[in-house]
Amino acid sequence: MTRKKLAAGPIVRNARKSAYAALALTFALSAAGCSGGGSPGAGGADGETGAAGDKRGSITVSLYDRGTVPASEGTMDSNRWTKWVNENGPADVKYVTVPRFESLQKFNVLFASRQAPDLIFEFDTAYQGQLYNQKQLMPLDDLIAKNSTEYKAMLEKYPAIQKAATMEDGKMYLLGRPMELTPQHYLLIRKDWLDKLGLDVPKTPDEFLAVAEAFTQQDPDGDGQANTEGTGLSFVAGIILNHMYGTGFTLFGEDQIPWVLENDKVVHDWERIRSAISFQQKLYDAGVVDKDFVTDKNGEKQKQMWISGKLGIYGSNGADVSSYEALKQNVPDAEVIAMPLPETEFGSYSPLLSSPVQMTGMVNASAKDPVSVMKMIDFMVSDTYTNTIQNGIEGEHYTQTDDGRAKPIDPEKNKTELEYNRDMGRLTPLVGKNYGLKNKVSPTDAEKDFIKIYEQAEAAYMDPARPMVGITQRAYLPLLPQNLATINTNANKTMLDMAMQTIVGGGGQAAVDKFISDSQAVWDKAGGAQIDEFYATWYAENKDEAILMSDIYEMGKQMREQQ
């Protein structure tokens, strides 16, 4: 996401790299939450124009709906936790639900009809930038300065959040939170299938294809039927298999980032894309992937194959214990490990890691009661809200250990009554003793297993010698001007359609080479050279100030050392 402009040009952050070590240390000194400790309560946090005796405000807040709310709990916009917020929070809140994987379409409709919520939560940083360009967002500097206590304290504790929130005009428009640097995407493989077939974890693309063929053809589940698939290719799995070749041009995901550093210059790399598409075409031609992977945009069909025990290699988004647990219920003897990405001619890479700072929220420029919105933001980062949304009600869902961690009273009860509320914690700091699977007091057997998988992923993916793909994480790239963003979106849509057609259409390397030449023509005709020049100029002028990939690893390291 773009940030301020300095004299040198557009820049992701305005802090010098020499300050990053201190910045990372500042990050690391936090425990869970911002240390304010208390809830603003029903009266909210006092502000210049919002004293405790003022009339209680009424606001709207967006909330992802993933379709996971048990019928006994109500709906995503009306359940025990939304009621708790309205009983204990500083304002009356009406939740506006948006489908998680169609959120942008829903938000566009809401904005077009002037019904967009006051407080908006959306992960897509490109969409955040689009809303900023369209002047749909409210600047937050004065609102925070005059009306905030808890969120203001969090900005002081984690100064990188303010840097990440500041846009080209020098004002803050985004809301965010600190996060530990941890694996976000996992490439999981059935080790029991490897052992049964006498195979090793694949270390090259050729070995990967051979393993996927064996998983498809040699009846690894032993049911006597030809009903297994070697590897996923949709959603996270598809993203990972492109990252394996060192390219951020992926078949799925929020946008395409094909730029890499060569000889300390930013270049648009086509050769990595060529190799990645060629490999995926080979997987498809070999019959080791779902023939309909193109339509499985959110990976749900792939997930069902995985948890039913019919898929050998799977791309997991986060530490997805519930999917692992479902797999173990269906196939008790299943053994899963996290595998390093095979090395290609371009080197060794890792899947996506979390960002040390995650920007998740925005305030609608048309919000009629921004002070009440700010009170809600303060409430959402308070210890009371954080502990409740993460752990439930003390004495009902958890007890507190001597070291301050939450111990579930009845894990099965919590699965029904607590787990669906995670998207209510979009400003919850993801650090400290109550965050993360490894800090659970009484992990289930499935969680114990996945802690081992998580540790394997840490060892495989957290090494800077096998870096994430690209110049920096997507959130720290400069925002394209609107005219270039339109060029980028339109050109990439055409190229993605061509890429999918190339993978499923066969034709071998000749078809892949044609795809590359046609894509280059599409890019050139659309004006893509302007985008290439934009990023090249940004890097040349700001490389000593921008947060680059090496800085992210350093910040993550120092945070871990101080936890």
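Predicted model: local features only at pLDDT ≥ 70, side-chain atom pairs only at ≥ 80, totals over all residues.

Visitor: Is Arg114 buried or exposed?
Guide: The cut-off for exposed is over 50% relative accessible area. Arg114 has 80% relative accessibility, so Arg114 counts as exposed.

Visitor: What is the phi of Arg114 near?
Guide: Arg114 is a residue other than glycine, and yet its phi is positive. The value for Arg114 is near 60°.

Visitor: Where does Asn263 lie, and what is its phi near?
Guide: Asn263 lies in the loop between strand 9 and strand 10 (265–268). With a relative accessible area of 76%, Asn263 is exposed. Asn263 is also a residue other than glycine with a positive phi, near 55°.

Visitor: Let me step back for a moment. How many helices and strands are there in the protein?
Guide: Buried residues make up 56% of the 563 residues. As for the elements, the protein has 21 helices and 15 strands.

Visitor: Among contacts between residues at least 6 apart in sequence, what percentage join residues at least 24 apart?
Guide: Tyr539 and Asp264 give an example of a contact across the sequence: they are 275 residues apart, and they are in contact. For the protein, the share of such contacts that join residues at least 24 apart is 78%.

Visitor: Tell me about Tyr539, then. Is Tyr539 buried or exposed?
Guide: Tyr539 has its place in helix 20 (residues 528–542). Leaving aside neighbours within four places in sequence, Tyr539 is in contact with Leu261, Asp264, Val266, Ile471 and Leu548. Its relative accessible area is 5%, and buried means under 20%, so Tyr539 is buried.

Visitor: How many residues of helix 11 are buried?
Guide: Helix 11 has 15 residues and reaches 21 Å from its first C-alpha to its last, close to the 21 Å expected at 1.5 Å a residue. The buried residues include Arg272, Ile273, Phe279 and Leu283. Helix 11 is mostly covered, and the count of buried residues is 12 of its 15.

Visitor: What covers the buried residues of helix 11?
Guide: Two strands are part of the cover, namely strand 8 (229–231) and strand 9 (259–262). The helices in the cover include helix 9 (205–217), helix 10 (235–243), helix 18 and helix 19.

Visitor: Let us take the last of these. At what angle do helix 11 and helix 19 pack?
Guide: Helix 11 (residues 271–285) and helix 19 (residues 508–526) have their axes 10 Å apart, and they pack at an angle of about 140°. That makes helix 11 oblique to helix 19, since only an angle over 145 degrees would count as roughly antiparallel. The crossing is right-handed, and the angle is about 140°.

Visitor: Which residues of helix 11 meet helix 19?
Guide: On the helix 19 side, the residues are Gly508, Gln509, Ala511, Val512, Asp513, Phe515 and Ile516. By class, the contact divides into 6 nonpolar, 4 polar and 2 charged residues. On the helix 11 side, the residues are Ile273, Arg274, Ile277, Ser278 and Gln281.

Visitor: And how far apart are the axes of helix 11 and helix 18?
Guide: Helix 11 and helix 18 (residues 482–505) pack at an angle of about 40°, and therefore they are oblique to each other. In this contact, Ile277, Gln280, Gln281, Tyr284 and Asp285 of helix 11 meet Ala499, Thr502, Ile503 and Val504 of helix 18. The axes are 7 Å apart.

Visitor: Which residue with a positive phi follows helix 11?
Guide: Its phi is near 75°. The residue is Gly287.

Visitor: One more helix, please. How far apart are the end C-alpha atoms of helix 14?
Guide: Helix 14 (residues 370–381) is mostly covered, with 11 of its 12 residues buried. At 1.5 Å a residue, those 12 residues should span 16 Å. The end C-alpha atoms agree with this, being 17 Å apart.

Terms used
Residues numbered from 1 in each chain as written. Heavy atoms only, no water. Helix = DSSP H or I, 4+ residues; strand = E, 2+ residues; numbered from the N terminus. Expected span 1.5 Å × (residues − 1). Buried < 20%, exposed > 50% of the residue type's maximum accessible area, 1.4 Å probe, protein only. Axes fitted to C-alpha atoms, helices over the stretch in contact; angles between N-to-C directions. Parallel < 35°, antiparallel > 145°, perpendicular 65-115°, else oblique. Left-handed = near helix turned anticlockwise from the far one by under 90°. Contact = heavy atoms within 4.5 Å. Nonpolar A, V, L, I, M, F, W, Y, C, P; charged D, E, K, R; others polar.
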